[in-house]
Amino acid sequence: MHTQYDVIVVGAGNGGLACAATTAKAGLKTLLLEKHNLPGGCASSFVRGRFEFEPSLHELCMVGDEEKPDLVYNIFKELGAEVNWCYERNLFRAICKGPGGYDVTLKAGKQQFIESFEQYCPGSREKLENLFKLQQTDNEAIEYIYKMKGKPNALVMAFKYGDFMRMASHSVKEVLEELGFDEKAVNILSTYWGYLGVPADELSAFHYFNMMTTYINDGAAMPKDRSHELSLALVKVIEDHGSSVWYNAEVTQFLYDEEGKAIGVEINHRQKLYAKEIVSNIMPNRVANLSKEQYVPERTRKLMNARKFGISTFTVYLGLDCTREQLGFDDYTVFISEDPDSRRQYDTKGMYIVNCLNKVIEDSSPEGTCTLFITALLEDSDLPEDLDEYNYEKYKTDMAEKYIVDAEKVLGLKIREHIEEIEIATPVTMARYLGTPAGTIYGYRLSDWDNLMARTAAEQADITVPNLNYVGGHYIRGDGYNVAYYTGNLIGGRLVTKYSDLLSAKKEQEVE
Ligand SMILES: Cc1cc2nc3c(=O)[nH]c(=O)nc-3n(C[C@H](O)[C@H](O)[C@H](O)COP(=O)(O)OP(=O)(O)OC[C@H]3O[C@@H](n4cnc5c(N)ncnc54)[C@H](O)[C@@H]3O)c2cc1C
């Protein structure tokens, strides 16, 4: 067996792209394999008529800018991947229609956030300050745990990161109530739960506040030319450094040696390729399905059986023949719900999000037009039991109509008469396109024993197959663009360190 590559990465989603760019840039001969004819996974774009739609990205957090760079900005900058970033400085508008309802617009920037929140929930200032203080050491603590490979010193954790330890095992709701927020404030502060797919009474407090405070501090960022721009920027880094991306290359089998070490992959049921390291951007469940039974370790099997899949979405993409101003829509992100409580929003799937990209990127659609992007969180178990190829279209149309009509009513807009293009995606679409079980867009559900903290602590123990690495939304940091890039860059960096001797030898050869 001849190893043709140093690293083979399976799947060109955000995690796979960031990992391949990291190893390629450092000089490791990298091959990125993608089953589709274009990169990105969720981070892509598609065209209908004269519109180029964003398929997934509402808001990217942890970006920052040149002056105050945050995680994602730094990763792209260090890799040399150029992106034209655009920013939204409002946090969101949240409208709750039912009893105890509200209509609030919150601003980004710590002081602006506090001022805007005070308007709707007077007397919250001090509690918010306490919340920010509590969250402050989060990032530091988690970085320390990574550095210690999931085995931090108990005394350091207790004395240096006491606040983190106090908060880590509690839910968002418990911590907010403990800080003295009233019910309305708890509900409004929980608005972002959908971005992690788990309601506030189940979601890890430190994970959620970590995400929320980065939105508050940095605002949200979007690339000028849909998320496809992000994916192309990373592909350019890979190719500029002499490595390769192969499209229409579906991995149909993972290959192992007699001792169970990962050594390669088979693509399109035909060609076998070998490498020193294999990185999977696809979920362990899929990897197990694509591996001979004897190579799936017991721990992997147990994990697969114990974990729950994350949520999926029902999305409606609308190209309208009028401008945003003519439509009368002055927001970028609006969360709309029937009930203020996130648990009930989750149980009834009674929350959806309306986005208008033209609010942030005015010319993101042709002149005289605008786009709307409606997203509801859904699980495959929410699909009708009798769904088949004959009634699927009716199901999609009826659901889309329900959301459009409701958005018209709540936002006071006339949407239907302006529809020029419409596309609808369901958990079935996500399962088919991404290849994820149950169409999950968030990997595994971040709850109970499988939250961010537990995954981080168990990372080393969960790596059971030598030379098989994982990256992406299903990995230790949970879902989202930012953390998929983060894990890609993290694992890529670890491989660069592991093969530093090889890289030095390559450099010496070049000099000779
Ligand atoms: C509608 C929607 C809205 C979202 N909104 C946001 C948001 O606003 N902010 C945010 O941060 N996140 C958002 N997300 C979530 C975010 O998109 C994901 O968490 C993130 O993109 C996951 O990246 P990943 O690295 O896990 O790769 P994925 O996107 O899951 O990509 C995996 C890649 O692997 C490829 N692949 C699969 N099987 C194979 C195989 N056998 N061989 C070769 N290739 C294979 C797939 O084609 C795909 O390209 C949203 C997602 C959706 C769908």
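What follows is a dialogue on domains, ligand shell, helices and core.

The model is predicted: local features need pLDDT of at least 70, side-chain atom pairs count only at pLDDT 80 or more, and totals for chains, interfaces and linings use all residues. Residues are numbered from 1 along each chain as its sequence is written.

Trainee: Between which domains does the ligand lie, and why?
Mentor: Domain bounds come from an automatic or database domain assignment. The chain is divided into domain 1 (5-46 + 63-83 + 225-308 + 446-511), domain 2 (106-218) and domain 3 (312-378 + 384-425). Because two of these domains both give residues to the shell around the ligand, it lies between them: domain 1 and domain 3.

Trainee: Which residues are the closest to the ligand?
Mentor: A residue is near a molecule if its C-beta atom, placed from the backbone, lies within 6 Å of it. The ligand is surrounded by 39 residues, and the closest are Gly11, Gly13, Gly15, Gly41 and Gly472.

Trainee: Which elements give two or more residues to that shell?
Mentor: Helices (H or I, at least four residues) and strands (E, at least two) are DSSP runs, numbered from the N terminus. Those giving two or more residues to the shell are helix H1 (14-26), strand S13 (312-320), helix H17 (427-434) and helix H19 (481-498).

Trainee: What covers the buried residues of H2?
Mentor: In helix H2 (residues 71-79), the buried residues are Val72, Tyr73, Ile75, Phe76 and Leu79. Their arc around the axis is only 165°, which puts them on the same side of H2. The cover includes H1, helix H11 (228-240) and H19.

Trainee: Which residues touch the most other members of the largest nonpolar core?
Mentor: A nonpolar core is a set of buried Ala, Val, Leu, Ile, Met, Phe, Trp, Tyr and Cys residues joined through C-beta atoms within 7 Å. The largest such core has 152 residues, and those touching the most other members are Ile8, Ala21, Leu33 and Val265.

Trainee: How many residues of domain 2 are in contact with domain 1?
Mentor: Two residues are in contact if their C-beta atoms, placed from the backbone, lie within 7 Å. The centres of the two domains, taken over C-alpha atoms, are separated by 29 Å. Domain 1 brings 16 residues to the contact, and domain 2 brings 16.

Conventions: Buried ≥ 20, exposed ≤ 12 C-beta atoms within 10 Å, placed from the backbone. Arc of directions from axis to C-beta.
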